[in-house]
Amino acid sequence: MTLNHTQELNNLLSFVVRELADDNRYKTIVEYGPLEINAFSITFWVNFDGACGTSSIYVKIPKVIFYDKSKNFDSPITEADKDLAHKEFDSLIYLKENWDDSLGVRFVQPIDFIEKYNAIITKRIQGKFLFKALKKITFMSFLNKKDKQTMLLNLNNYGRSLRRFHNKETKASPFDLKE
């Protein structure tokens with residue numbers, strides 16, 4: 001990590017602390033995780049000490065990297081990066097306001113957006129990732145009755161949650177194949 005890189009990261013962390021200053025859960029940074037770079041973002045977690053003990057957030061900087069090794073934390077933020085971040089943050093806000101999580105299917109909860117760094121701040125999630133669990137299933141493990149019941153319940157809840165979400169915005173309309 002270069003000196004400039006370390007300084008920029010520290011500046012971003014200072015912005016995060018200022019943005020969350022009114023929330024007593026996020027008073028002092030205890031530790032933060034390593035930068036993780038993937039195809040469309042740079043991410044890291046941050047643990048805070050606060051009124052409720054330790055609270056964790058996740059910082060995500062949407063960035064169109066798509067495996068270009070020359071793009072990193074120090075790379076300039078492009079218009080495409082800004083567009084990606086705004087659309088993702090708006091989607092998270094929409095889901096927060098419109099998703100029924102009564103069946104246990106939840107999405108990350110947005111907290112704030114730091115324009116200068118194109119950074120989305122969310123609550124750090126703790127839980128089981130349905131699609132990771134699906135990928136791990138082998139034919140033999142699916143024969144295990146308990147694994148099968150758990151997976152079918154999770155898929156059922158996911159499907160029911162999607163249906164509830166789509167029913168909120170669905171309206172009857174004509175469909176013409178000629179158009």
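Is Asp 81 buried or exposed? Asp 81 is buried, its relative accessible area being 2%, where buried stands for under 20% relative accessible area, exposed for over 50% and partly exposed for values in between (1.4 Å probe, protein chains only). The legends below place this residue and others in their surroundings.

The model is predicted, so that local features need pLDDT of at least 70 and side-chain atom pairs count only at pLDDT 80 or more, while totals for chains, interfaces and linings use all residues. Residues are numbered from 1 along each chain as its sequence is written, and side-chain values use heavy atoms, with hydrogens and water left out.

**Figure 1. Overall view of the protein chain.** The protein chain holds five helices and six strands, these being DSSP runs numbered from the N terminus (helices: H or I, at least four residues; strands: E, at least two). Their order along the sequence is α-β-β-β-β-α-β-β-α-α-α. The C-alpha trace spans about 55 × 50 × 35 Å along its principal axes. The radius of gyration of the protein chain is 20 Å, whereas a compact globule of 179 residues would have a value near 16 Å; the radius is taken over C-alpha atoms, and the globule rule is 2.2 Å times the number of residues to the power 0.38. Of the 179 residues, 28% count as buried. Among contacts (heavy atoms within 4.5 Å) with a separation of 6 or more, 51% come from residues 24 or more positions apart.

**Figure 2. The salt bridge between Asp 81 and Lys 63.** The side chains of these two residues meet at 3.3 Å, N to O, in a salt bridge, defined as a side-chain nitrogen of Lys or Arg within 4 Å of a carboxyl oxygen of Asp or Glu. The pair links distant parts of the chain, 18 residues apart: Asp 81 belongs to helix H2 (residues 79-98), and Lys 63 to the loop between strand S4 (53-62) and H2. Lys 63 counts as buried, at 3% relative accessibility, and Asp 81 is buried as well, at 2%. By the rule stated here, the count comes to seven salt bridges.

**Figure 3. Two further salt bridges.** Asp 83 and Lys 87 form a salt bridge through their side chains (3.2 Å, N to O). Both residues lie in helix H2, four residues apart, about one turn of the helix. Asp 83 is partly exposed at 39% relative accessibility, and Lys 87 is exposed with a relative accessible area of 52%. Arg 106 is joined by a salt bridge to Asp 101, with 3.6 Å between the closest N and O atoms. Arg 106 is exposed at 57%, while Asp 101 counts as partly exposed at 35%.

**Figure 4. The nonpolar cores.** The largest nonpolar core has 19 residues, and Leu 12, Val 16, Ile 57 and Val 59 are those with the most contacts inside it. Such a core is a set of buried Ala, Val, Leu, Ile, Met, Phe, Trp, Tyr and Cys residues joined through side-chain atoms within 4.5 Å. Neighbours within four places in sequence aside, the contacts of Leu 12 include Phe 44, Val 59, Ile 61 and Phe 73. A second, separate core of five residues includes Ala 85, Leu 92, Phe 113 and Ile 120.

**Figure 5. Strand S6 and its partners.** S6 is mostly covered, four of its five residues being buried. S4 and S6 run antiparallel and are joined by four bridges; strands pair if DSSP finds at least two bridges between them. Ile 57 stands opposite Lys 123 of S6. Strand S5 (residues 110-114) also pairs with S6 in the antiparallel sense, over four bridges, and Phe 113 has Ile 120 as its bridge partner in S6. Four residues lie between the strands in the hairpin of S5 and S6, where Asn 118 takes a positive phi near 55°.

**Figure 6. The surroundings of Asn 157.** Asn 157 is found in helix H5 (residues 145-169). This residue is buried, with a relative accessible area of 13%. Residues up to four places away in sequence not counted, Asn 157 touches Leu 103 and Val 105.
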